[in-house]
Amino acid sequence: MLKLIKNEWIKVFSKISTYVLLALVLIFVVGFSVLMKISMNSSYGGYTYTDTDIEGEISYLESSRDPGYELDIKRYEFMRDHDTARDTSSWEYTALIDAFDTYQHDLVYPTDQLTDERRAQLSSDFDAVTSAIIAGDWNAYANAKIEAIERSGADSELTEIRTYPYRYMIENGLNPDDDPWQESVVEEIARLEEEKYNYQKQQEAGTYISDAVMEETDNSLAILNYRLENNVESYIDENGSTDNPFWLAFMQSASLLTVASVLMIVIAGGCVANEFSTGTIKFLLINPVKRSKIIWSKFLMLMLLAAALLAGVYVVAGITDAICFGADFHVPYLTAENGTVQVGSSFLYVLEQYLLNSVGMFAMTTMAFMISSLLRSSAVAIGVGVAALMGGSMVTQILAQLGCDWGRYLIFANMNLGQIRSGYSVFPNQSVTFAAVTLIVYMVIFLWTAFDGFTRREV
Amino acid sequence: METAIKLEHVSKNFGKRRVVDDLCLETHTGEVFGFLGPNGAGKTTTIKMLVGLIDFDEGEISVCGADVRRDFEKAMANVGGIVENPEMYRYMTGLQNLRQYARMRKGVTEERIREVVELVGLTNRIHEKVSKYSLGMRQRLGVAQSLLHHPKVLILDEPTNGLDPAGIRELRDILRNLAHRENVCVMVSSHLMSEMQLMCDRVGIIVKGKLLQVTSVEELINQTKGTAGRYHYAVDSAERAAEVFRQAGQESLLVDERHLEITLSGECMEETLLKLNRMLFEAGVGVCTVSPVETQRLEDAFIELTKGETQIA
């Protein structure tokens, strides 16, 4: 049997067309990395307001009179008068918006509850915070914020939560001017902790909060804290998103398996049909080997080739993306369950994505193989295979929109296992198990048809 | 002498048409067996059934004792062959093609591959792609392929197709050697009857799917011999000789002034010849040579046998 598979393998790799198609796949993989690199280079920078810009904003706000426009005008005037916080990417810019929202809002739009005492406190807090902003002194600003929060009258737990980002930054000697990654993490922690605090208060007051919501918050917090403790700047989350360009490009290269699928369909479509069209089938079948063994060897060769292509695309994409972006091996795949962080290998996670993406390749290869064996026409097999590969998802979309529920039993509706697993299936309530069983049933039908057609054919 | 191929009451229908009808045939090791028949008689169909390319509806076929249906791999281990055209993988070299077949059969060494390549005279061109081969070269490669695993039965469908006269002669020698020295059963089908006459020991004639007869080549030729004979006379005057023959009651055919032919029939042709020659001598006609014209070649016998049945069935 191994010798038969070797024979089929040699046949495929004796043809120049195979190498042309392989080169095409390689060009796509390398080209994809390069294009990703070019598109990612145009990074977003901050914008710096000039005096003219500020005048423009003010006159616009005066004419539009959007709700809260008075506050915004005051802020722009402050920005202009003190010549500060003009760069939108600076911490001062964000801090100034925060200062106006927190300490000026109630002063500009006073309510009946506003006491004189409170009014004086807001003014003094505003002055303390803004003087640090004008000075550009982060530590002074952070301390001013902490003091203001402590004075705000919230309970100790909430105060603790709200001051946490500033305390963390000061304790760890971090300055937003250096753009440390921890900044957004601690802010997110503070936001989620406050959310959690509110949930707990609501629960105590008798409002029903679902366990799932609570658990999701706990899980997110667990991951954020894990990152701070273990100094993890970038990671891949359970949805596969990441801010690391290498891993992003590596994951997205999985879509190139479609190109590899075309190669597989061409080879599978020719694999039986070409023996008939060139007349070599007679020499193949007069050997002391049962026909079932010959057709098995052809199928196994195709599966082996598809697996090799999958591995090849994975490795080549990994290497070219590493060259383009610089590989960062310290990016883990983090998930959390019941508030406990699970650390996974990103390489394995990406491999899993590739495997899920390759389901269509294996299915369409088998289909082209069946048509090739049944109709003995490589043109029909390749045509149908490629059309199914490209148009299959479109057909399922249309059927889903027309409300034809039987569309879920089509092979195309079940090929995108990755999508189905993440819950974005075209038809409602489509589970991975359903998709897997449907795929297996199709594969068995394809293979049985191909085998039966081949073993009974009169040559 | 063992039984090599055995067909017992084999029938095959293509739809409603009966292509092979109750065919019984037995060939032996050590003989070259010729399979003759007009186009569409069922030769290729029979050969395809023999090597398992198509199934048959009735009967049994065995090769060296192994049933083709039940014991396909064992039966085919003893068979080498070419069916219809020698189509090989054109994108591979001759040697790569042979290696493909070598891997599918048991006990074929690189040494054996070299041996068969040498035998069919392809040594110098074996590293070239088959797409550059002529039909004759591909035929040689096909023969090499069929011999790789020392088959006891060699089945060749029109093997001389595309070969030059020297090649035909070579192949004939190879096949006769295989049969007579290495005790192989060689089964050949061909349209070139004169070829068969030189190559085969026995022939089977198939017409409209029915096996008419199986005989040795000599028998087939002799079958129609002795009932009629043509003789060519070279004389000094054909006209005077014709006059003498007419007196003896013998029709003759004038070829030119000095040559004429007569056709004798009956049991005692030699007596008649003696009498005629004596009369020519007495009449003063100078006789230079008298020679028999051989007409009863296999071809004539074949046409005679299949007379009226050469319409494509």
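1. Ground rules. This is a predicted model, in which local features need pLDDT of at least 70 and side-chain atom pairs count only at pLDDT 80 or more, while totals for chains, interfaces and linings use all residues. Residues are numbered from 1 along each chain as its sequence is written, and chains are lettered from A, with ligands numbered from 1, in the order in which they are written.

2. Domains. Chain A has domain 1 (2-41 + 247-456) and domain 2 (49-152), with bounds that come from an automatic or database domain assignment. Their C-alpha centres lie 58 Å apart. Chain B is divided too, into domain 1 (3-78 + 151-223) and domain 2 (226-293); here 44 Å separate the centres, taken over C-alpha atoms.

3. The six-stranded sheet of chain B. Look for an open sheet with the order β6-β7-β8-β3-β9-β10 and mixed pairing. Strands here are DSSP runs of E with at least two residues, helices are runs of H or I with at least four, and both are numbered from the N terminus; two strands pair if DSSP finds at least two bridges between them. β6 (79-82) and β10 (210-216) of chain B are at the edges with a single partner strand each, so one side of each has no neighbour in the sheet. From one strand to the next, the twist averages 15°. Within the sheet, β7 (residues 153-157) and β8 (residues 185-189) of chain B are parallel and share five bridges, and B:Asp157 has B:Ser189 in β8(B) as its bridge partner.

4. A helix on that sheet. α1(B) packs on the sheet and touches β3 (32-36), β7, β8 and β9 (202-207) of chain B, its direction making about 145° with that of β7(B). Such angles run from 0 to 180 degrees between N-to-C directions, with axes fitted as lines to C-alpha atoms, for helices over the stretch in contact.

5. The four-stranded sheet of chain B. This open sheet has the order β2-β1-β4-β5 and antiparallel pairing. β2 (17-28) and β5 (66-67) of chain B are its edge strands, each with a single partner, so one side of each lacks a neighbour in the sheet. Two bridges join β4 (residues 58-63) of chain B to β5(B), and B:Val63 stands opposite B:Ala66.

6. Where the chains meet. In all, 20 residues of chain A are in contact with 27 residues of chain B, contact being C-beta atoms, placed from the backbone, within 7 Å. On the chain A side, α1 (2-13) and α13 (281-285) each supply at least two residues, and α1(A) gives the largest share, five residues. That side divides into seven nonpolar, six polar and seven charged residues; Ala, Val, Leu, Ile, Met, Phe, Trp, Tyr, Cys and Pro count as nonpolar, Asp, Glu, Lys and Arg as charged, and the others, Gly among them, as polar.

How values were computed. Two residues are in contact if their C-beta atoms, placed from the backbone, lie within 7 Å.
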